[in-house]
Amino acid sequence: MSAREAMIKRMKDLPSTHLLGTGTPMCAGCGGLEALHEVYDVLGENSVFVNAAGCMTLLSVYPFTPFRGSWLYTAMASAPAGAQGVRDALDILLEKKRVTKAEDLEVAVLTGDGAAYGMGLSATSGAIERNLDFLYLCYDNEGYGNTGQQYSGATPHAAKTATSGGPRGFAGYKKDLFAIWVAHKPAYVATVVGAEPLDLARKIEKAKQLTGPRLIIALAPCPPGWGYDPKDSVDIGRLAVRTGVWPLKEYVDGKVVHTKIPHPRRPVEEYLSKQGRFAHLFAPKRNEALLAQLQAKVDAYWAQVSE
Amino acid sequence: MYRIRFHGRGGQGMKTASRMLGSAFFAEGFEVQDAPRYGAERRGAPIFAYVRADRAPINERGIIRQPDLVIVADDSLVAVPAAGVLGGMTSDTVLLINSHESPDTWRHRLNAQSTILVLPEPFEPEDHAELPYAGAACAGAAAQLLGVIPWASMEQALRHELAELAPAVIETNVTRARTAFERMEPHRGCVREGRAVSAADYVPPNWVEVPFEAARISAPAIHAPATSVEVKTGLWRTLRPVIDYDRCSRCWWVCSSFCPDSAINVDAAGRPEIDYDHCKGCMICVAQCPPHAIETIPEHDAQAAEGGKE
């Protein structure tokens, strides 16, 4: 463990003043912004964000930005390619001694799940293949939130979206992006959630010490998209972890390690019943079969996790 | 042609209100346009929605600049320049505000010649879950003020637009809309149709000509950090979290880490401070504070207690 990582051991070590500027146009109670502000406190201001189209495109709308460093906007599928360009430019400047090592910047890709799980996957795969030295942060609100929560490759089974109605909700299954990224054998992959800030901070600290592709998926509870009161964002994020729906884990040195194994694991229903997007599972009549199926899927996941 | 403009905050059901009213007009045989304005706005931010209705085909498009009826679901928006509540209002415009204040107070405050009405039951929920009902109340009141939509059509439109919601929620919406409709009876039909406008009368705005420059000059580069602090998202707030420092345990991190907007900072002594210029009122801090040291106060009451400073 490096000196920097050792800095964040306890809740009291978490930053108490914050780097990300206030006044962003994200929704009140945004779980993605919560994760980003926690990430940014650890990542620091010597960073460049390459942002694919999505909710967070709206973070930097001229002449306003919450970042303390540069921000570059790309099309939805191409943020990792944009990051390659920025990294290359920095490397050239370093080589020409026009920037010093101390002035070098961390290049961070910021995209939603629409880009990360879907149309940006090819560009990400290429960037990992080229061993690009960058950090990728995906805020995963499990749908195309910016346009009204249409389903994406990250939408969970049975969730209602703007494009998945009816009594059974979304017919597909959430893509295992963690496994897809891990299959590329990058330097680091982790899942985080803003509701677990200590776990998040330690992972970002760790990623910061490494070079090469480092990819982070932050579950981003979304009040309008998931259908709950903004004040419940943290509770819902925490329930995602405690019910086992969102496993907190990391891949480093060729191994996947779970960083917070829920004991005891709470019934998945506790997580589902708090969100409007799953209301059809409970009313007008409980859909016992579908609820059992969702629980069984989580149980099967944890059955193969060795402690 | 009737031109109606709704002003509210994201989450108050303004888009739905415009759809309800649009559907009701349609059921009465009108040609109708209804549309929300899509932008960078989010839940809590100022939202606009527009309805045009006419017996003849509608050739106008776009946002409504000269409304016959303006409906404001949240009176704190009147003072927000970005909300543009008063834009294009004339002495013929009817302004309906959801407010605790009297029409006279508003007339005096705005120095306006317009007809000003307030919703008979000011609607200020203490819970976010109640917010969307404001839309139903506004739509119900609007139908009465227009005088050309009977309650039966309004109710049918409301049930049609809300069909996907739980039955109890639909009934609450119907009740709110109906109450507002009935209480507005004395003002039935006070909204007059605006004149048809012709493209020939269009006066273009005072455009500023910007020469075509090289990208280095014209590209919108931002040269200072964290300029977003200039955007006062505190204006989105309908509820205000207030810390009781006697109960605050100086935990150091909970409210400050969980606040998505970086709007709570902790000083060296462990004392948290909420930045009300930017707090959007999500109330995560209230829900998470371990000793329950943060209270929820309706923003309206908090501002009144401050002596109308804002």
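**Figure 1. The two domains of chain B in the predicted model.** Domain bounds, as used here, come from an automatic or database domain assignment. In this predicted model, that assignment divides chain B into domain 1, spanning 2-198, and domain 2, spanning 232-305. The C-alpha centres of domain 1 of chain B and domain 2 of chain B are 32 Å apart. To the contact between them, domain 1 of chain B gives 9 residues, while domain 2 of chain B gives 10 residues.

**Figure 2. The open sheet of chain A, shown with its edge strands.** The sheet of chain A is built from 8 strands, which follow one another in the order β2-β1-β3-β4-β6-β5-β7-β8, with mixed pairing. At its edges stand β2 (71-74) and β8 (255-260) of chain A, each of which pairs on one side only. If direction is ignored, neighbouring strands of this sheet are turned against each other by 20 degrees on average.

**Figure 3. Strands β4 and β6 of chain A, with helix α2 of chain A packed on the sheet.** Strand β4 (residues 134-140) of chain A and strand β6 (residues 213-219) of chain A run parallel and are joined by 7 bridges. Within this pairing view, Phe134(A) has Pro213(A) of β6(A) standing opposite. Helix α2 (residues 31-43) of chain A packs on the sheet, where it touches β1 (47-52), β3 (106-112), β4, β5 (188-193) and β6 of chain A. The direction of this helix makes about 160 degrees with that of β4(A).

**Figure 4. Two cis peptide bonds of chain A, at Pro264(A) and at Pro284(A).** Most residues other than glycine have a negative phi, and most peptide bonds are trans. His263(A) and Pro264(A), however, are joined by a cis peptide bond with an omega of about -10 degrees, and Pro264(A) is found in the loop between β8 and α10 (268-272) of chain A. A cis peptide bond also leads from Ala283(A) to Pro284(A), here with omega near 0 degrees; Pro284(A) lies in the loop between α10 and α11 (288-303) of chain A.

**Figure 5. Positive phi values at Ala158(A) and His292(B).** Ala158(A), a residue other than glycine, has a positive phi, near 80 degrees, and its place is in the loop between β4 and α6 (177-182) of chain A. Ala158(A) counts as buried because it has 23 C-beta neighbours inside 10 Å, the cut-off for this class being 20 or more. His292(B), although not a glycine, has a positive phi of about 55 degrees and is found in the loop between α8 (284-288) and β10 (294-298) of chain B. With 11 other C-beta atoms within 10 Å, His292(B) is exposed, as this class takes in residues with 12 or fewer.

**Figure 6. The contact between chain A and chain B.** In this view, 40 residues of chain A are in contact with 41 residues of chain B. On the side of chain A that touches chain B, at least two residues are supplied by each of α2, α8 (223-227) and α9 (233-242) of chain A, and the largest share, 4 residues, comes from α2(A). By class, this side of chain A has 21 nonpolar residues, together with 11 polar and 8 charged residues.

Definitions and conventions:
Residues numbered from 1 in each chain as written. Chains lettered and ligands numbered in written order. Predicted model: local features only at pLDDT ≥ 70, side-chain atom pairs only at ≥ 80, totals over all residues. Contact = placed C-beta atoms within 7 Å. Pairing = 2+ DSSP bridges. Axes fitted to C-alpha atoms, helices over the stretch in contact; angles between N-to-C directions. Nonpolar A, V, L, I, M, F, W, Y, C, P; charged D, E, K, R; others polar.
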